[in-house]
Amino acid sequence: MTAVAALIQVLGGLALAPLLPGLVQSLKARLQGRRGPSPLQPYRDLRRLWGKSGADPQPTTLVYRLAPCVVAAATALALLLVPIAGRAPDWSLGNDALVLVGLFALGRFALAAASWDTGSGFALMGSSRDLTFAVFGEPLLLLALLVAAFPAASTDLVAMSVAAGGSAPWGEPAHWCGAAAFALVVLVETGRQPIDNPDTHLELTMIHEGPLLEYAGRDLALLEWSGAARHWIVLVLAAELFGPHWGGFWAQLGWLALGLVALCTALAATETAQAKMRILRVPGLLAGGCAIALVGLASALVGGLV
Amino acid sequence: MTQHRAAPPARQATETASVPATTWREACLAERDRGGRFRGAYATATDVGHRWTALFADGATTRLLSTEVGAGELVPTIVDLFGAADWDEREARDLHGLGFEGRDSARPLVAHPRETASWTVPVRGEGPYQVAVGPVHTGVIESGHFRFHVVGERILHLDPRLFYKHRGLERAAEGNSPERGLAFAQRACGACAVTNSVAYALAAEAAMGLVPDRDTRRGRTLVLELERLYNHLNDVAQICAGVGFAPGNMAFAALKERALRLNHSLARHRFLFGTVAVGGGGVEVSADDADALLGGLRELGEDFALAWRELSFAASAQARFGGVGELSATDVEALGAVGPAARAAGIAVDGRTTSPGLWYGSDFAPAAPPEPSGDVAARLQVRGVETAVTFELLRELLAEPIGPGASEHDEPDPRGVARVESPRGETVCAVELTATRRIARVHLRTGSYANWPVLAHATAGNLLPDFPLINKSFELCYACADR
C-alpha cells in the first residue's frame, strides 16, 4: 500500500496535477454560464508549450535561465514530502512540514530573482506583490500547519495526517480554526480570487502571472506545471490535514479524491462569487487568517493543559 | 442671426465672431464670463497663415470665436484659463505647425519623438519610478501607451500617449463633397459611429443650409439611443471585468450582445453603420419593425433591471468601486470633462438637453446619480440611471413608425457646427465648405477626446492595480482620438 501511495505521490503530482486547475476553470465556466474549456486544457497547453523553445530577453543572466528549473525542482521535491492517504514511502527526505514552507519560499525567491534579472516592470510588480503577500502568507502557512501538528505532537506530515483522521479532531475548536486558516493558504498559494485573478489580461493587476510574462516555451511549461503542482500540494494537504477521512488506506484514498473535487468546486464557486480584492487589503485578510490560526493554537494549548 | 430659426424644425444655433490675436485671451475670458463652456479649438489653413477657432457651448447655442494669424505668428495660449484647451493646442502645433505664446511647454501630442523626457511631465523627488504600459497590451485593446510615475503602488502622475493609429481622417475628408464626407466621420470610431455620423451630418447640413425634417430627427435620435444602449451595457460589463467580477461581466456582455443583435435586425449592421445620411433618411422603421424592436427592447429592459439589481447586491464588487478614481466638480469644470464622467461628479451637462436638431423632449434632464461622488461607483450609477432612461426614450420613439426622412432648405451658416451627446460625452463637429460646396475643413472633437486628459487626472493618487478599473469606468475610445 505504501507503494501505491508512492505511485500516486509521484504520478499524481506529475501527471494529475494539471487536472486540478483545469477542473477549476471548467467548473467556473459552467457557473458563469459559459461552455468553457475542457478540464484537460492545461495538458494541451503544456504539450504546446513543451514543443516550443524558450526565449531569453536581453540582457539576462543565468538567474533568469535557471529560475524555471529551480522552481520546478523545488515543487517536485515538495511533492515527495506530501503523504497520500496517511502514507508516504521513505525517500530519505523525511516529511517535515517546515521543509515544505522552505521549498515554497525557494521557488518564490527564484522567480523574484528572475524578475530582477529581466528588469521587466510587470514581472517586478508581480514579484514585489507576491513577496509582500508572502510576508503574511508564510506565517499563515506555518501557523496553520502548527495547528495540525499539535495533536500529532510532531511536524511530520505523515503523523499529522494520521492524527487528523477519524472523528476526534472535529471535536476540537483548534481543528476548525486551522481549517479556516488553511482555506486562506489555499487561496494565496494557488493565486486565486479574491487574492489574485488567474484569468486576467490586465497586466497592471497581475501578481502570480506577472513574473511569467517574460517566459516562453519549455520554461513557461515548467512554470505552468509548477503552478498546477502547487495546486496539487496545497489541495492534497488541505484534504489530508483538515478534510474528513476515515478508515483504512483505500477508504482514505476515496476521501482524498472526494476532498480534491470538493475543494476544486469550492475554488470555482469562490472565484465566481467574489470579485478581486483591493490589493492593499489582502495583507489584512492574511493577517486575519494568522489570528484565527493563533486562536486555534491557543485553544489547543489550553485543551492540552486541561 | 438665428431668430427666424427658433420655430421648428429647429437647428443648432451658431454665432461667429472674429477678434485680433492681441485680444484673444480677453475675448475667450469674456466668453467664459457669459457662461460659455470651452468645447475645443481647431486650426484652419488660410491664404496667409491659419485661422484659430475656439468653440464655446452656451445652452443650445455654440459660439465660434476665431482669430487670424499670419505664417510664423504666435497665438496667445489660453491653456491657463481653460485646462481643456491643452490637447487642442498641442495637436494644432503638431499637425498644423501653429505656435503658441505664453505656454511653458507644448509637449508633443500627436507627434511621437523617441525621448521619453520630451513628452512626459518631469516627476522628481525621492523614489518615484516609471511604469510603461502598451502600446501593445496583453489583452485585445486599442493601441495606447501609458507612462505611470509611481512610488510603490501609488500613482503620482500619468502621461497617456495616444495617436498611434492616427489616420488623418480630417485631412483626407477635405475636397470631398459634404455627402461623401460622412464616411470619414463615421469611420473615425466603431463604437461611436452613430454619434460621429450624426454630429457630422448636422454640421454639414447647417453649412449647406439644410434643416432635417421630423422623421430624420426621430430616426437619428433612435439610432443614437441604440448606440448608447449597447455602449452603456458594454461599459458596465467592462467595469465588472476590471474587478474580476465574472458574473457581472458575463451578464452585461450577454445583454450587450442582444442589443447588438437588435441593431442588426433594424439596420443590418451590428454597429449601426449606414443609418445616417446627410440631408436626411438613412433609417426607416415600419410599424412592424417598430413592434419587433419594441418587443426585443422590452425583454432586454427587464433582464437589464434584473442584472442591475444583482450587481447592486454583489458586495465584493461594489466594495471596489467607492472612493476610486475620484473626480471633483471643480476638476470637471477646469478640465472640461463631459458625459457620464461629468454627471457623476454632479455637473449636470448633457448634450441631449441642447440638441434641437434631434428629438429629445424639452423636459429632458441630465441623469443625476444618487450620490455624485465622482468616483467609479458614481460613474457606474450614472450609466445605470441613463440606461433606464434610454429604454424609456426608445419606447417613446418607437410608438409610431419612422418614415424616409428628408430636409428642408434654409439659409446656410458660414460654418456648420453640431454638438451631439455620445455615450462618452459631448461630441462636437465643425464643417467648413468652399464656395464650390466641397469640404474645406472638418473638425471632430469627440467626448473621448475631451475626457482622456481628465482620466489621466482622475488616476493620480490611486493605486496602480486600480488603474484598469478607473480606465474602464471612463471607457474612452482610442480611435476617437486617433481620427
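## An arginine with a positive phi

With 13 C-beta neighbours inside 10 Å, B:R437 counts as partly exposed, a class that falls between buried (20 or more other C-beta atoms within 10 Å of a residue's own) and exposed (12 or fewer), with C-beta atoms placed from the backbone. Its phi is positive, about 60 degrees, although B:R437 is not a glycine. You will find B:R437 in the loop between β13 (425-433) and β14 (439-445) of chain B; strands here are DSSP runs of E of at least two residues, helices are runs of H or I of at least four, and both are numbered from the N terminus.

A quick word on the model: it is predicted, so local features need pLDDT of at least 70 and side-chain atom pairs count only at pLDDT 80 or more, while totals for chains, interfaces and linings use all residues. Residues are numbered from 1 along each chain as its sequence is written, and chains are lettered from A and ligands numbered from 1 in the order in which they are written.

## More backbone exceptions

Most residues other than glycine have a negative phi, and most peptide bonds are trans. A:S92 has a positive phi near 60 degrees and sits in the loop between α4 (62-81) and α5 (97-118) of chain A. A:S92 is exposed, with 6 other C-beta atoms within 10 Å.

Two cis peptide bonds are worth a look. One joins A:Q193 and A:P194, with omega about 5 degrees, and A:P194 lies in the loop between α8 (173-190) and α9 (217-242) of chain A. Another runs from B:G134 to B:P135, with omega near 5 degrees.

## A three-stranded sheet

B:P135 belongs to the loop between β7 and β8 of chain B. These strands are part of an open antiparallel sheet in the order β7-β8-β9, where pairing requires at least two DSSP bridges between two strands. Its edge strands are β7 (129-133) and β9 (154-161).

β7 and β8 (residues 145-151) of chain B share five bridges, and B:Q130 has B:H149 in β8 as its bridge partner.
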